[in-house]
2 protein chains.
Amino acid sequence: MAVSADLLEAYARLTVRVGANVQPGQLVLVNAQVEHAPLVRAVVRQAYEAGARYVDVAYGDQHARRAMIEHADEEVLSWSPPWAVERLHALEADGGAIVSISGNPEPEILADLDGRRVGKARPRELAKQSLRLSDGIANWVIVACPTAGWAQAVFGEPDVDRLWDAVASAVRLDEPDPVAAWHEHIGRLEARASALNERRFDHLRFRGPGTDLTVGLFPQTLWQAALDETRSGIKHVANMPTEEIFASPDPARTEGVVRSTRPLEITGTVVRDLEIRFEGGRAVEVDASTGAEVMRVHVDTDEGAHLLGEVALVDGGSRVGRTGIVFFDTLFDENATCHIALGEGISASYAGDAAGKVNSSTIHTDFMIGGPEVEVDAVTAEGEVVPLLRDDVWQLPAR
Amino acid sequence: MAVSADLLEAYARLTVRVGANVQPGQLVLVNAQVEHAPLVRAVVRQAYEAGARYVDVAYGDQHARRAMIEHADEEVLSWSPPWAVERLHALEADGGAIVSISGNPEPEILADLDGRRVGKARPRELAKQSLRLSDGIANWVIVACPTAGWAQAVFGEPDVDRLWDAVASAVRLDEPDPVAAWHEHIGRLEARASALNERRFDHLRFRGPGTDLTVGLFPQTLWQAALDETRSGIKHVANMPTEEIFASPDPARTEGVVRSTRPLEITGTVVRDLEIRFEGGRAVEVDASTGAEVMRVHVDTDEGAHLLGEVALVDGGSRVGRTGIVFFDTLFDENATCHIALGEGISASYAGDAAGKVNSSTIHTDFMIGGPEVEVDAVTAEGEVVPLLRDDVWQLPAR
């Protein structure tokens, strides 16, 4: 790893101070892969500097996971070690913070395995509790750590320096004052969300090659951006980078077809050219040129996995999009362009009691559907059509 | 890591089949440092091949631990994450197996920190439950994984190939059939233990430069070697390498002075030239040229930490000793020469109910006291003196 110690510390500091916004006395969980150790170590140091009471690191290992998927009994594939679930329960009881490190060190490590088993291999209880935590119970952030293997997947060569440059630019570490740059950026995104919220649109429409999709919204739908807030009032930036305005749609009102515009890395498999047809909100056909079986099994995880939990708008001015790089990592690729997510919805995105309104699932899987060729309109209940994106340029003035 | 994939798989296979002796359907826990990932991955594969139901890897990170010791509140130093304790409880309930990977990737990573805090930094509950597991509740093994940092400490240069050669030789991976070689080796050690058990000695005496130590034995003391057995009857080799004949002495009858003959690596600190004076079984003076404070605080962990839990005999024919290398790792250094351990005793080493007889503590810390200059005698209740080791050569014929 050629990254400078200074960059690593600055990144870790941004992660802890602006991202998770770790509070004095908090328990902090860090979830990462073994290959992410250099960034993890900097994050742990910064978390203690910010006053964390205890920082607990759980390192995952994809090679261990691969061996499990190859050998374990069918029912073990979705089993969650109770102690790992207990760790998340403890975080909830304690009011702690989580830092998750993204950036799969080998994005196609599972590509040659039985897609049905790969798709089933998801620790259910753990996934369920993880989604709960992201719903106002913990202050959390996802950031990514470049590795040689990830760089190989992105550039065709293990040019980790180049990947660090791209990541550093995407998260504004190239600014003289990254923390100030983030506060300014958050303000811009929040203004854009406010403009959408004032209009209370009835639905969105995406039109482009292979895509003609309607996504229904509730009258109570609240667009959000960048800044999340825990139930206890801790503001945090859950994704770094983040360039999106997002909302939880009416899960019953998705109609039409959509073609993904970027590959989707999901559990060590890359799903390319994903196409989904929705009827009455539900994904009824799923196809792809690679990873189709993994994706179909994934969509069959539970009933809610067939429905949308999120729709998000990103324009071509995105720092991630401007790198021109396909990252094979959702944290980045979803911030390069518009996307939708199958699965769990976002309670905070509903003005009122979200239960039974926004979607419910043990998955939340974003995939990218935007780009210069995709026009996005918002339509009011009265039928007025308001252009939101044309040629990747944002059309609605911020208020 | 230059080690060949074949050697890694052979080592992992030996670890799983002969060491832990993993049984079909068992839960297997692997504990390691992040730097040990290459060996861990091979062990996980081999464990599944042996029929493990699920293999759970917990990677530790000494840099995270260092940050904790530097920054955390005093009471956090000995705190155990409840989920980590729960993991060990689950193993006990489940009748599972454990593989622990030794070989500190940076043996002096904590050497510059406040020795008092380093000595105190021990998760008590976790340590307690770990010692329980080693007492017949799980089939377990400790093996070591060479790393550049460990090689640096051993050789003064990061010659990891040379360290792999030494480790491979110590664990008999250089034999045409390592598994057969181990069965033969176990037989030799067991015969030596039997010869000692037939004599029922009253105490041992160690005499050498800086050492004049008496270690009392119970009439019920059982010498053991190599092969451990769980309460459910699974035979396993808990240490690889193992070259020792060991027993739990009468903790009240240690008298005299002892000077360590090899450095002791303990929690990221190297304790050199350790000297301890015992009175009525109890360590009453502890000194060292490096790491003295860490060691003193460690010995103050609890009352039992002042008393002996083990005495072990190793002759100069040991494969580990013959490498001529100081490993700065107890798994190896204790198998190069005679040693004693402060802290928790070994129940299986007492014929009868060991409770209240063998020592009890939340530590078990071996240190090396043998070598060519140290004479070891065994003395019967009648006062007959029987030489056990002279010039590192074993004197008592095996039966």
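A salt bridge, as I use the term, is a side-chain nitrogen of Lys or Arg within 4 Å of a carboxyl oxygen of Asp or Glu. I looked up Glu108(A) and Arg272(A) with this rule: their side chains meet in a salt bridge, with 3.0 Å from N to O.

**Ground rules**

I note that this is a predicted model, in which local features need pLDDT of at least 70 and side-chain atom pairs count only at pLDDT 80 or more, while totals for chains, interfaces and linings use all residues. Residues are numbered from 1 along each chain as its sequence is written, chains are lettered from A and ligands numbered from 1 in the order in which they are written, and side-chain values use heavy atoms, with hydrogens and water left out.

**Entry 1: the domains of chain A**

I looked up how chain A is divided. An automatic or database domain assignment is the origin of the bounds. Domain 1 covers 5–170, and domain 2 covers 180–227 + 241–394. Their centres, taken over C-alpha atoms, are separated by 23 Å.

I then listed contacts, meaning heavy atoms within 4.5 Å. In chain A, 36 residues of domain 1 touch 30 residues of domain 2. The buried area (the accessible area, with a 1.4 Å probe, that two parts lose on being put together, summed over both) is about 2600 Å² for the two domains of chain A, and carbon and sulfur atoms give 62% of it. Arg122(A), Leu131(A) and Ala170(A) supply 21% of the area that domain 1 of chain A buries against domain 2, more than any other three residues.

How many salt bridges are there between domain 1 and domain 2 of chain A? The count is 1. I also looked for polar contacts, which are pairs of N or O atoms within 3.5 Å; within protein, one must be able to donate a hydrogen and the other to accept it, and residues adjacent in sequence count only if both atoms are side-chain atoms. Between the two domains of chain A, 12 residue pairs are in polar contact (both at pLDDT 80 or more).

Several elements of chain A each supply at least two residues of the side of domain 1 that touches domain 2, including helix 1 (5–19), helix 6 (124–137) and strand 4 (139–144).

**Entry 2: chain A against chain B**

Next I looked at the two chains. I found 29 residues of chain A in contact with 29 residues of chain B. The area buried between them is about 2700 Å², and 71% of it comes from carbon and sulfur atoms.

The rule finds 4 salt bridges across this interface. Arg41(B) and Asp61(A) meet in a salt bridge through their side chains, at 3.0 Å from N to O. The interface of chain A and chain B also has 10 residue pairs in polar contact (both at pLDDT 80 or more). Which helix of chain A gives the most to the side that touches chain B? Helix 2 does, with 6 residues. By class, that side of chain A has 18 nonpolar, 2 polar and 9 charged residues. Here Ala, Val, Leu, Ile, Met, Phe, Trp, Tyr, Cys and Pro are nonpolar, Asp, Glu, Lys and Arg are charged, and the others, Gly among them, are polar.

I looked up another pair, Arg41(A) and Glu35(B), whose closest N and O atoms are 2.9 Å apart in a salt bridge. Arg41(A) lies in helix 2 of chain A and Glu35(B) in the loop between strand 1 (27–33) and helix 2 (37–49) of chain B, so the pair joins two chains. Side chains of opposite charge can pair when their charged atoms come close.

**Entry 3: how the copies are related**

**Entry 4: backbone**

Most residues other than glycine have a negative phi, and most peptide bonds are trans. The bond from Met240(A) to Pro241(A) is cis, with omega near 10°. Pro241(A) sits in the loop between strand 9 (235–237) and strand 10 (245–247) of chain A. Met240(B) and Pro241(B) are also joined by a cis peptide bond, with omega about 5°.

Notes: Helix = DSSP H or I, 4+ residues; strand = E, 2+ residues; numbered from the N terminus.
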